[in-house]
Structure formats: C-alpha cells, structure tokens
Amino acid sequence: MKLSEKLENISTYPFHMPGHKRNGKYHITGAEIDITEIDGFDNLHCPQNIIADMQRDISERFGYKKSIISVNGSTCGILAAICGVCDKGDKIIIARNCHKSVYNACFLQELDVVYLEPEFNEELGVYTRIGQDCVDAVLKNNADAKAIVITSPTYEGFISNIHCEIPLIVDCAHGAHFGFADWLPERENGDIVIQSLHKTLPCLTQCAVVHINNEKYFSKVKMYMDIFESSSPSYVLMNSIDKCIDFLKHDRNEFDSYKKILDDFYLKVKKLNHITIYKNDDLTRLVISAKGYSGVELSEHLRHNGIEAEGATLGYVILISTVADTQEGFDILYSALEKLEKREDTQNTFIKKITLPLKKYKSSEIDSTVETELIDSINKISGEYVFAYPPGVPIIVPGEVITQEVTDNILLCIKKGVNIISESNLLPNRILTKTQQ
C-alpha cells in the first residue's frame, strides 16, 4: 500500500507525537494525517518499505539512478550535495548567480570558491546561461577543484547544458517539471540534481528531491541529508509528494491542455503593444515588463487586479505558471495586463552588469565585523550577504571588496522598491564590514 493510502486509513489512537493528537477541535489543516514514525509508516532517515518504494518510484519517474526526499526544501539538498562531495577547505567552482544556500554550504565547509560568470542579458539585466567555453577555461586554471555548482534553470528560466570531468551539482529547484511533456525542456544532467517539487509541480511547500546519477556519492550525500534534514520529517509533506508522483504517473495528459492555455495567452499578450514577455528557455516561466513601469509598479498593479506575482525586479515581474494553473487564472492575468494604463514610451530601468567584486577572504574567514555607513563602505571588505529576495542571489558576499558599483546597485534597487535583504538588517544606511586587523 502507498503512503498516501495508508495515511487515509489510520485506525490507532495516537499516544505519540504530535501534540494535537489529530483532534479536529483545534481546526489545524492537515492534522488528520500528521503523524510521527509509527509502526507501518517507515522512516525517512532509514527507509525500508513505503518511503523506500516512493523514492524508487521518484527515481524511475524522473529518470535518475537514485533519489532522496527532502522535506526541508532544495536548500537541504544543496547543503548535503556540496558537503557530500567536498571536504573541508577544498576548492569549488560555483556560478556567481547561485542561490544563497550554495554560499552557505561553502561557508560550512570553509571552501575556496572560484566563480563561473554566466552570460549577461543587457536587455533584462540578468545572468542567463553558462557556456561550455567558460566552464572549460575556469577548469583549465583550477584543475584542483572538487566540484562545479550551477543554477539551471535560473529564476528567469534560462538553462545551461554543460559537462565536466569533476562532479557537477545542478541546482534545478525551478525545473522539477522538465521532461514531463515533449514541449518542456529536457531533464537536467548532472552527478547530483536538486529539484523543488513544490515550485513547479502540484506539491506542498518544502517538498524537494535530491537526484543522484553518480551512485558513488550516494552514501555521503545521504549522510548529510540525515544531518541537515529534520529528525521529525512531516508526513503531511511526504503525503503531498506521493500525490504528486501519482499525478505524474496517471494525469500527464494535463500538460497538453496546459500548453494550449499557455499558447493562447502568449498570442493574446502579443497584441498588447505596451507589454513584453521575454523569451527564455522555459515557456512556463513568464517574465513580463510594461513600458514606463518598474517591475515593482507592475507587480502592484497586478496585485490590485487580483494577481500576486512571484517576484518583482527593477524592470519586470516574474510569474510562475504550472500545470495546476487554470484558464480562469490566465484570464484574470490577461485582464489585469489589458487594464494597465499606457504610459509614454519611457525607458525602463534594468540592473546593469557590474564587475565581479574582488574576493579577498573566504566567507568563513570573516570572524568579526563592524557597522559601517554604506557611503563609507567602498573599498572595505563586506562582512555580510546582501541580496534581492526572491530569488536570493547575492549582490555582495562576505570577504568581497565593496565597490561603488555595488553600493549604487543596492541603493537603486532599494529606491525602486525591490526587496533587498541584508543579514544584519542595517540597510539602506549601513552595512557590516570586516573589522580591520
């Protein structure tokens, strides 16, 4: 029997965790299937029956050799993958547009980080794909590197297809839907591929999976998954994973009707001369701008008209569409775009490419910091991460030299209403810098 079926037929009284005891009077959504590792329900940290079967099912469905469930999101999988492949103090090559969780793993292992710089789209103001030539050049100069980590697809839907002789870890958090229809991008190749089921498939938040194609890394990655993942994994979340896999088994024809809805939407929006949908590698990822509007302004207009966007940048909004979207939802979105008041054809503001800051220290070497006025921080060493969230890609990293370009970029984003986060929460006026020693 499958996990989701067993959870619908629990017959014993719970003199065990959790404390709500599945008592309906507390009106807790999901409590009726919220259990702990009781008899017959397996253990995620040592799966031997129904959870082991589910993980094998996931591997088969997604086309990878082995898969490990994460109920701590892709972040847990990224931490485990990097720690499982790299020993403390090793050199690692990472794409500069990697998620903060990649940088956190590098911090934990005190890794020597070398950057891959993806191509930059000046029109959008974003990093896009990583070319094989770039990978080969960086590898040639860093033959002692133990792994490469890339983000593919990016937040805006750009895909990198690269190969290398050392372990390739792919943060594919936004690509769990790849390969499930002919019109979707092909599945990502990599020694380890991490995907967030909840981002682009019918699944609850925090549900992710770590796929392992090179089985020699399985034991150590599994060990780190057991370290980083909760010792009380949620059966509510695992139930939603089981339901998601069922959907991918039996209802994949829904992707065909989804494609028709998307195609119709693209055709209709093409007639709105004040709206632009930018071309990327994933038709489902909608990157939209409007003439004369910042991304934040466009996002506010959409919200006022019943649409909550995934994210807003200086020049555009990002909308995540999935197979679970309805015609009604796309109709509401189109209506909102159609209602947008046209403005004079003023030039939108996009982030400009900045020179990568010089890295003077590992992030793990920043042992003490001091609050510094942002305007006085130029040429000092950053003592904290600053990033736009979402998606959580750092503008500056601890150990890097703060430049005028960096501070200008931060201030511009704040001025335009982009959600800029620093660990210290001192912005917009101050930032942590390394104490001079």
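This is a predicted model: local features need pLDDT of at least 70, side-chain atom pairs count only at pLDDT 80 or more; totals for chains, interfaces and linings use all residues.
Helix H3 (residues 73-85) packs against helix H7 (residues 218-228) at an angle of about 135 degrees, and their axes are 8 Å apart. The crossing of H3 past H7 is right-handed. On the H3 side, the contact is made by Cys76, Gly77, Leu79, Ala80, Ala81, Cys83 and Gly84, and on the H7 side by Lys220, Val221, Tyr224, Met225 and Phe228. Sorted by class, the residues of the contact of H3 with H7 are nine nonpolar, two polar and one charged.

H3 also packs against helix H4 (residues 100-108), here at an angle of about 35 degrees, with the axes 9 Å apart. H3 passes H4 in a right-handed crossing as well. From H3, the residues in this contact are Thr75, Ile78, Leu79 and Ile82; from H4, they are Ser101, Val102, Asn104, Ala105 and Leu108. The contact of H3 with H4 holds six nonpolar residues, three polar ones and no charged ones. Leu79 of H3 takes part in the contact with H7 and in the contact with H4.

| Pair | Angle between axes | Distance between axes |
|---|---|---|
| H3 and H7 | about 135 degrees | 8 Å |
| H3 and H4 | about 35 degrees | 9 Å |

In soluble globular proteins, nonpolar side chains tend to be buried together. In this model the largest nonpolar core has 112 residues, and Ile92, Ile94, Ile148, Phe255 and Leu337 have the most contacts inside it. Helix H8 (residues 235-250) supplies the largest share of this core, with nine residues. Another core lies apart from it and has 16 residues, including Ala388, Ile395, Val418 and Ile431.

Ile94, one of the residues with the most contacts inside the largest core, can be described through its partners. With neighbours within four places in sequence left aside, Ile94 is in contact with Val102, Tyr103, Cys106, Val113, Val114, Tyr115, Leu116 and Val149. Among these partners, Val102 also belongs to the H4 side of the contact with H3.

Lys415 lies in helix H12 (residues 404-415). The relative accessible area of Lys415 is 72%, and a residue over 50% counts as exposed, so Lys415 is exposed. Between Lys415 and Leu314 the C-alpha to C-alpha distance is 9.7 Å, while the two are 101 residues apart in sequence.

Technical notes. Residues are numbered from 1 along each chain as its sequence is written. Side-chain values use heavy atoms; hydrogens and water are left out. Helices (H or I, at least four residues) and strands (E, at least two) are DSSP runs, numbered from the N terminus. Buried means under 20% relative accessible area, exposed over 50%, partly exposed in between (1.4 Å probe, protein chains only). A nonpolar core is a set of buried Ala, Val, Leu, Ile, Met, Phe, Trp, Tyr and Cys residues joined through side-chain atoms within 4.5 Å. Contact means heavy atoms within 4.5 Å. Axes are lines fitted to C-alpha atoms, for helices over the stretch in contact, and angles run from 0 to 180 degrees between N-to-C directions. A crossing is left-handed if the near helix is turned anticlockwise from the far one by less than a right angle, and right-handed if clockwise. Ala, Val, Leu, Ile, Met, Phe, Trp, Tyr, Cys and Pro count as nonpolar, Asp, Glu, Lys and Arg as charged, and the others, Gly among them, as polar.
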